[in-house]
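This briefing sets out selected side-chain and backbone features of one protein model. Please read it with the sequence and the structure in view.

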Amino acid sequence: RGGAPFLILFATTVSLQFTVYESYIKYVKEKYMESWMNREVLHIISASFFAGAIGSGVTNWLEVLVVTKQTKPDANLMKIVKREKFGLLTKGLGARVYYQSIQSIFFFSTVTYAGRLFNVELED
């Protein structure tokens, strides 16, 4: 149960993370190219953190729906929305932002390192 909302949640979160990460890196490279090489790791970590935070913050309401639907399979989605109201946006938000941000840092750092092994950048 809850498979379809989970797939929507996952695809949306990952899409937002990649979009934010790529936009952040592109902006920093254009604006601060001279300091890019000296602070590349810091920029990658910062971009990854913001990507995770924004991706999870925007999609948190989907996470609440997924978890509720998985724990209460007979629950109606509209009833969940009416019951949760503003809590749909904020329930578990801090933990989710923290988790997604750390996960995003590990993912993008690993992909960047792996790309170096093959002389390829993430944008490619």
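## Briefing on the predicted model

The structure holds six aromatic pairs. The model is predicted, and the values below are computed from it.

**Aromatic pairs**

- Phe 18 and Phe 108 form an edge-to-face pair, with 5.2 Å from centre to centre and 75 degrees between the planes.
- This pair links distant parts of the chain, since Phe 18 belongs to helix H1 (residues 3-31) and Phe 108 to helix H6, 90 residues apart.
- Phe 18 is partly exposed, with a relative accessible area of 30%, whereas Phe 108 is buried, with a relative accessible area of 1%.
- The rings of Phe 49 and Phe 50 also pair: their centres are 5.8 Å apart and their planes stand at 75 degrees, so this pair is edge-to-face.
- A cluster linked by ring pairs contains Phe 18, Tyr 21, Phe 107 and Phe 108.
- Within helix H1, Tyr 21 is among the buried residues.

**Nonpolar surface patch**

- Phe 49, Phe 50, Ile 54 and Val 58 make a nonpolar surface patch of about 340 Å².
- Phe 49 is located in helix H3, which covers residues 40-71.
- Phe 49 counts as partly exposed because its relative accessibility is 38%, and buried would require under 20%.
- Phe 50 likewise counts as partly exposed, at 38% relative accessibility.

**Salt bridges**

- Side chains of opposite charge can pair when their charged atoms come close.
- The structure holds four salt bridges.
- One of them joins the side chains of Arg 96 and Glu 63, at 3.7 Å from N to O.
- Arg 96 lies in helix H6 (residues 93-117) and Glu 63 in helix H3, so this pair ties together parts that are 33 residues apart in sequence.
- Arg 96 is buried, with a relative accessible area of 9%, whereas Glu 63 is partly exposed, with a relative accessible area of 25%.
- Another salt bridge is formed by the side chains of Arg 83 and Glu 84, at 3.9 Å from N to O.
- Lys 91 and Glu 84 also meet through their side chains in a salt bridge, at 3.0 Å from N to O.
- Glu 84 counts as buried at 15% relative accessibility.
- Arg 83 is partly exposed, with a relative accessible area of 47%, and Lys 91 is partly exposed, with a relative accessible area of 45%.

**Helix H1: length and cover**

- At 1.5 Å a residue, the 29 residues of H1 should span 42 Å; the end C-alpha atoms of H1 are 42 Å apart, which agrees.
- The buried residues of H1 are Pro 5, Leu 9, Thr 13, Gln 17, Val 20, Tyr 21, Ile 25, Val 28 and Lys 29.
- An α-helix has 3.6 residues a turn, so residues three or four places apart point the same way.
- The cover over the buried residues of H1 includes helix H2 (33-36), H3 and H6.

**Positive phi angles**

- Lys 85 has a positive phi of about 50 degrees, although Lys 85 is not a glycine.
- Lys 85 is placed in the loop between helix H4 (77-84) and helix H5 (87-90).
- Lys 85 is exposed, with a relative accessible area of 63%.
- Asn 119 has a positive phi of about 55 degrees and is not a glycine either.
- Asn 119 is found in the segment after H6.
- At 72% relative accessibility, Asn 119 counts as exposed, because exposed means over 50% relative accessible area.

Terms used:
Residues numbered from 1 in each chain as written. Predicted model: local features only at pLDDT ≥ 70, side-chain atom pairs only at ≥ 80, totals over all residues. Heavy atoms only, no water. Patch = residues over 30% accessible without salt bridge, like charges linked within 9 Å, V, L, I, M, F, W, Y side chains within 5 Å. Areas by Shrake-Rupley, 256 points an atom, 1.4 Å probe, with all protein chains shown as cover. Helix = DSSP H or I, 4+ residues; strand = E, 2+ residues; numbered from the N terminus. Buried < 20%, exposed > 50% of the residue type's maximum accessible area, 1.4 Å probe, protein only. Phe/Tyr/Trp six-rings, centres within 6.5 Å; stacked < 30°, edge-to-face > 60°. Expected span 1.5 Å × (residues − 1). Contact = heavy atoms within 4.5 Å.
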